[in-house]
Amino acid sequence: MADKFCVYCGATLEEGAGFCPQCGATVAKEGEQQPYQPQHVQQEADKLGSLGTLILIYGFLAIVLGVICLAIWGAFDTIWDMMLDDEASRKLIEGYDKDLMATSMLVGGATMLASGACAIISGIKVNARENYNLALVTCILATALSFSFLITVIVGIIVIVKLVSGKNSFKSRITSKPSPWHLPVPR
């Protein structure tokens, strides 16, 4: 008898096996049509849990922080002058370069806005379990753009690892539907 293989993951199946030892999919008996029961997909989806929602929350917070930084940058001259008028504030900013601080606010605000936008795209795709590559790339970009804050980079790396470990839960990984952009080549 020829070797039998799992239609979901390609693992070699033992004769008479009811389930794939690799992915847990139900195996059809001789003469039956293979049912579409990707049980491993449900396990993987549970593995990601609410990761997409957490990414979305970060995205919205990053956008709020970015807007605040840009608002401060926009009013920086006024804020700086007010701080110079106050004795305690003047001591606090003594020795700092005004232009460098203003530029830091601009760069920090812009990168946090971009990080938040990337995180929102990633969170939407993770929640929908669609387009793994886009979800991963935008998550990596969100992490890289949050370089201003060490904690967000560390958490971002943890989220990326979790996302990579749950990649099988994405629809694009478990279906073999042809893309509408790939047209057959006439012969």
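How many aromatic pairs does the structure hold? The structure holds two such pairs, where rings of Phe, Tyr and Trp (its six-membered ring) count as paired if their centres lie within 6.5 Å, with planes under 30 degrees apart called stacked, over 60 edge-to-face and the rest tilted. The model is predicted, so that local features need pLDDT of at least 70 and side-chain atom pairs count only at pLDDT 80 or more, while totals for chains, interfaces and linings use all residues. Residues are numbered from 1 along each chain as its sequence is written, and side-chain values use heavy atoms, with hydrogens and water left out.

In one of the pairs, the ring centres of Tyr-132 and Phe-170 are 5.3 Å apart and the planes stand at 70 degrees, so the pair is edge-to-face. Tyr-132 belongs to helix H6 (residues 132–145) and Phe-170 to the loop between H7 and helix H8 (171–174), 38 residues apart; helices are DSSP runs of H or I with at least four residues, numbered from the N terminus. Both Tyr-132 and Phe-170 are buried, that is, under 20% relative accessible area, whereas exposed means over 50% and partly exposed in between (1.4 Å probe, protein chains only).

Phe-170 is also among the residues with the most contacts inside the largest nonpolar core, which has 15 residues; such a core is a set of buried Ala, Val, Leu, Ile, Met, Phe, Trp, Tyr and Cys residues joined through side-chain atoms within 4.5 Å. Helices H2 (51–74), H5 (98–128), H6 and H7 each supply at least two residues of this core, and H6 gives the most, with five.
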